Amino acid sequence: MNNPQPDPIDPTQRPRRSVLYMPGANERALEKAKTLPADALILDLEDSVAPDAKAEGRERVCEAVANGGYGKRELTIRVNGLGTQWHADDLRAAAKAGPDAVVVPKVNSATEVHAIERALEAAGAPDHTAIWAMVETPIAMLRAHEIAAASDRLTVFVMGTNDLAKELHAEHVPGRAPLLGGLSLALLAARATGKVILDGVYNDVKDLDGFAEECVQGRQFGFDGKTLIHPGQIGPCNEIFAPSESAIAQSRKIIEAFEEAAAAGRGVVTVDGRMIENLHVENARRILAVGAAIDGLG
């Protein structure tokens, strides 16, 4: 019996099941991050760094990126937002450090994406340094497609659900009903433009059951992974956003049945009593490719 192989995954589409924020001004945290099983790290210069520590944090984060030692973890820097007194200096320093991506908060328009791109290029950012745009306001939800389509350098949407809830005057409730409209708009824009999209953070680090439920919801919606605020959230997140063994086995079964039917000239294919079409095969190949990419991290 053949063992269907996954299609090669786009090298820019690395696994991003778990994406952990790390405080940029905390040297011990930056060192600890080298040992954590997160797929990606966001070394933060924004919310976790006090105003009087911004310059020191910027220097420490950029030095950490330049020195490396983070293995296969995707390494990004979150700069302070457009309009703040630190934004331009953050972008210039990040460009020189050359992380995998620069994460920019509160991106609200294509014009802002273009300004970020120009600033990175002017500062000499290498081609591999992408833009991750945080979308976290009502206007960003309404302009999500415009933002996502603005640049090939923009590869990832990051949901800022805390700020979105604040702007909407919404409550944080199980199931996130007040946010579902915005989440759906951002997901539609990401998928329409071929971008990766990451779910927002879960605030109660002690509530692992609630966290797991929100991870399942995010996976069911179609998010590629979730941003995290505590190392204890990494394990459950990695497990939930990875294809299960049964999903891998079913995907192989679908591909094999489809290929056998095609070779025999049969137009109708069924697996376990269900009709299989091209869309099922494409999804099966995607699942195998994601699983192979995750295996490659080990």
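Let's start with N203. N203 is partly exposed, at 39% relative accessibility. The cut-offs: buried is under 20% relative accessible area, exposed is over 50%, and partly exposed lies in between, with a 1.4 Å probe and protein chains only.

A word on the source. This is a predicted model, where local features need pLDDT of at least 70 and side-chain atom pairs count only at pLDDT 80 or more, while totals for chains, interfaces and linings use all residues. Residues are numbered from 1 along each chain as its sequence is written, and side-chain values use heavy atoms, with hydrogens and water left out.

Back to N203. It sits in the loop between β7 (196–199) and α9 (208–221). Helices (H or I, at least four residues) and strands (E, at least two) are DSSP runs, numbered from the N terminus. Leaving aside residues up to four places away in sequence, N203 touches N162, H172 and I229. Contact here means heavy atoms within 4.5 Å. With N162 there is also a side-chain polar contact to N203, at 2.8 Å. That term covers a pair of N or O atoms within 3.5 Å; within protein, one must be able to donate a hydrogen and the other to accept it, and residues adjacent in sequence count only if both atoms are side-chain atoms.

Next, salt bridges. The whole structure has 20. The criterion is a side-chain nitrogen of Lys or Arg within 4 Å of a carboxyl oxygen of Asp or Glu.

Which side chain does E121 meet in a salt bridge? R153, at 3.7 Å, N to O. E121 lies in helix α4 (residues 110–122) and R153 in the loop between α6 (144–148) and β6 (154–159), so the pair ties together parts that are 32 residues apart in sequence. Are the two partners buried or exposed? E121 is partly exposed at 46%. R153 is buried at 12%.

Now K34 and E31. Their closest N and O atoms are 3.3 Å apart in a salt bridge. K34 is partly exposed, with a relative accessible area of 25%. E31 is partly exposed too, at 46%.

Last pair: E167 and K166. This salt bridge has its closest N and O atoms 3.8 Å apart. E167 is partly exposed at 35%. K166 is exposed, at 57%.
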